[in-house]
Amino acid sequence: MLRLENITVGFGGLTALANVTLEVGARELVGLVGPNGAGKTTLFNVISGLARPKAGTASFNSVNLLRKPVQARARIGIARTFQIPQPLHELTVRQNLIVAQTFGAGHRNARRIDEILDFIGLKRKAEENAADGLALSEHKALEVGKALATEPKLILLDEVLAGLETAGKRQFMQTLKRMHQEAGLAIIIIEHDIETILALCQRAVVLDFGKVIADQTPEEIFRNPAVMRSYTGATPGA
Amino acid sequence: MQQRTIITIGFVVLFYGAVPAAFGSTDYVISSIVAALTIAGTAVAWALLGNLGGMVSFGHAAFFGVGAYVSALLTMNAGWPVFAAIIAGGAGASIASVAIMPALRLRGPYFALAVLAYAGIFRILATEMEGITRGAAGLLSIPRLPTILGFDLGTNIGSYYVILTIVLAAMAAYAWIRRSEIGFALLAMHETEDATRILGVPSTRLKAMMLVLSAFITGIVGAFNAHHISFLDPDYAFSGVWTVLPIVAAIFGGFRTVSGPFIGALAIYLLDQFVFKSLLPTGHQIILGAALGTMILLSPDGLVPLLGRGLGKKRHAAT
Ligand SMILES: Nc1ncnc2c1ncn2[C@@H]1O[C@H](COP(=O)(O)OP(=O)(O)OP(=O)(O)O)[C@@H](O)[C@H]1O
Ligand SMILES: [Mg+2]
């Protein structure tokens with residue numbers, strides 16, 4: 001479904017991604033791991049259109065992605081969350097979802113909005129101002145809710161579990177699992193926590209200094225010495 | 001919602017009933033109110049682009065003047081009925097706005113400067129295209145507003161009803177858009193443009209729509225004014241006044257609210273005419289500037305939010 005070939009991204013002298021090749025099929029749940037600054041978020045930016053690669057090709061269901069502007073990628077079924085939550089300003093939680101549905105999915109369905117609010121656990125906060133009425137875990141939930149409201153085929157989750165306490169994290173993981181099963185989505189999830197990746201994914205891709213250094217099952221990955229070396233070199237708390 | 005309905009009804013009764021009843025026979029007062037409403041209409045259009053589109057325009061005089069010339073020339077040279085020509089004037093201003101669309105990709109001060117330069121071009125065109133516009137000599141005896149069902153709209157009181165209806169219709173359209181999905185998306189774009197586009201919002205296209213609509217409203221108001229005063233020349237039609245006064249009015253009243261530009265225009269213009277001018281016959285604009293400065297210090301969001309706070313209303317997101 002998603003096919004990236006030899007994607008290279010540079011920022012000035014820095015090479016954030018070097019010849020990244022990656023394929024993700026429909027309904028796959030892929031973990032994307034790697035130390036801080038490895039280029040994980042940059043890869044999401046390339047797929048969603050916020051970063052322009054210097055070289056390489058990207059396609060989604062055989063459509064050339066790189067020719068499509070950001071908003072058009074949402075409409076063909078690619079959704080993402082932001083590592084630092086970005087609730088739409090000046091709007092309520094419900095209005096955030098309405099914008100996502102109207103423009104991303106291309107239709108209005110009030111019942112579906114209520115279902116999503118229920119699903120992400122924000123029904124009681126629906127009429128709150130999204131930018132200043134929510135706690136961190138609720139912000140992360142809203143990120144997922146906005147992405148779901150666009151009715152995507154592929155959803156890119158950027159550290160949606162980071163910063164949550166254990167109980168919240170467990171609950172959120174259940175939500176993600178259900179989302180994957182019920183909606184039949186393909187998911188790429190960036191996550192530093194090894195346990196989480198082991199629990200969620202059948203496949204994990206490791207980025208290090210902008211290069212894919214492994215693409216295996218999570219069990220194999222965390223037995224791989226090269227991966228562990230790059231991980232232990234990571235900043236603590238990552 | 002209840003409160004809003006009551007305020008709206010009170011508003012309509014006041015402006016369609018009480019104001020004409022009180023001042024209908026005082027030509028000087030009513031013609032000043034017509035002038036204030038002309039500023040108000042342009043201020044509403046400017047604020048629509050500023051608040052929803054996130055664009056600060058220093059070029060609304062261009063839309064005002066284009067609307068005025070298109071409508072005047074259609075009635076004088078092509079024999080169009082006045083109201084049809086006024087709508088064509090709005091359409092003409094919308095078409096003129098297409099020329100500035102590439103600038104929508106510019107941000108903040110760059111957009112403002114581009115529009116300023118753009119606006120200057122139309123005054124030059126109107127002056128130079130003498131064959132059509134009669135150049136600096138201007139257009140005299142532009143047809144006045146017609147008589148409908150025995151009611152002469154060309155009188156001051158008739159014109160009052162016409163411009164009032166134009167301004168209120170513009171405000172209704174503005175309020176409706178603001179509460180629609182398009183309005184939500186536009187508001188969200190101010191602070192979180194990437195996050196909004198990621199959800200599929202075509203940001204530039206929505207901004208362009210607001211520009212076209214803002215130009216349309218301004219063109220209609222300019223066209224109305226041309227038929228009301230029955231005279232045009234390039235310096236008047238494209239005067240910086242049509243840019244500056246609406247901005248002052250909108251900011252004074254509160255450009256983030258739908259009623260702010262309207263209230264601000266009435267307050268600013270009428271205070272200027274009836275108070276500041278008698279206090280300081282030359283240079284009374286200085287008091288206007290001071291009044292605006294005081295308002296910004298007192299309430300950066302303008303008069304209407306200030307009154308709202310006074311009434312103890314809670315501010316809700318995008319409602
Ligand atoms: N817009 C940008 N301009 C300049 N450099 C950038 C930009 N975005 C990312 N970088 C750099 O590119 C590299 C990869 O960053 P990226 O955010 O993709 O890492 P990451 O794997 O998501 O890290 P983290 O785990 O900290 O989120 C980093 O060195 C970062 O500083
Ligand atoms: Mg990151």
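**Figure 1. The open sheet of chain A.** In this predicted model, six strands of chain A form an open sheet in the order E6-E7-E8-E3-E9-E10, with mixed pairing. Strands are DSSP runs of E with at least two residues, helices are runs of H or I with at least four, and both are numbered from the N terminus; two strands pair if DSSP finds at least two bridges between them. Strand E6 (78-80) and E10 of chain A are the edge strands, each pairing on one side only. From one strand to the next the twist averages 20°. Residues are numbered from 1 along each chain as its sequence is written, and chains are lettered from A and ligands numbered from 1 in the order in which they are written. Because the model is predicted, local features need pLDDT of at least 70 and side-chain atom pairs count only at pLDDT 80 or more, while totals for chains, interfaces and linings use all residues; side-chain values use heavy atoms, with hydrogens and water left out.

**Figure 2. Two strand pairs of the chain A sheet.** E6(A) pairs with strand E7 (residues 154-158) of chain A in the parallel sense, over three bridges. A:Arg80 has A:Leu156 of E7(A) as its bridge partner. Strand E9 (residues 203-208) and strand E10 (residues 211-216) of chain A instead pair in the antiparallel sense, over five bridges. In that pair, A:Val206 stands opposite A:Ala214 of E10(A). The hairpin of E9(A) and E10(A) has two residues between the strands, and A:Phe209 takes a positive phi near 45° there.

**Figure 3. Helix H6 on the sheet of chain A.** Helix H6 (residues 166-183) of chain A lies across strand E3 (29-33), E7 and strand E8 (186-190) of chain A. H6(A) runs at about 155° to E8(A). Axes are lines fitted to C-alpha atoms, for helices over the stretch in contact, and angles run from 0 to 180 degrees between N-to-C directions.

**Figure 4. Packing of H3(A) against H5(A).** Helix H3 (residues 93-105) and helix H5 (residues 136-149) of chain A pack at an angle of about 30°, their axes being 7 Å apart. The two helices are therefore roughly parallel to each other; angles under 35 degrees count as roughly parallel, over 145 as roughly antiparallel, 65 to 115 as roughly perpendicular and the rest as oblique. The contact (heavy atoms within 4.5 Å) involves A:Val93, A:Asn96, A:Leu97, A:Ala100, A:Gln101 and A:Ala105 of H3(A), together with A:Leu142, A:Gly145, A:Lys146 and A:Ala149 of H5(A). These residues comprise six nonpolar, three polar and one charged. Ala, Val, Leu, Ile, Met, Phe, Trp, Tyr, Cys and Pro count as nonpolar, Asp, Glu, Lys and Arg as charged, and the others, Gly among them, as polar.

**Figure 5. Packing of H2(B) against H10(B).** Helix H2 (residues 27-52) and helix H10 (residues 203-229) of chain B cross at roughly 170°, and their axes come within 8 Å. H2(B) is therefore roughly antiparallel to H10(B). Residues of H2(B) in the contact include B:Val34, B:Thr38, B:Trp46 and B:Leu52, and those of H10(B) include B:Lys207, B:Met210, B:Phe224 and B:His228. By class, the contact has twelve nonpolar, seven polar and one charged residues.

**Figure 6. The setting of the views in each chain.** Chain A contains nine helices and ten strands, and its C-alpha atoms fill a box of roughly 50 × 40 × 35 Å along the principal axes. Chain B contains 15 helices and two strands, and its C-alpha trace spans about 50 × 45 × 40 Å along its principal axes.
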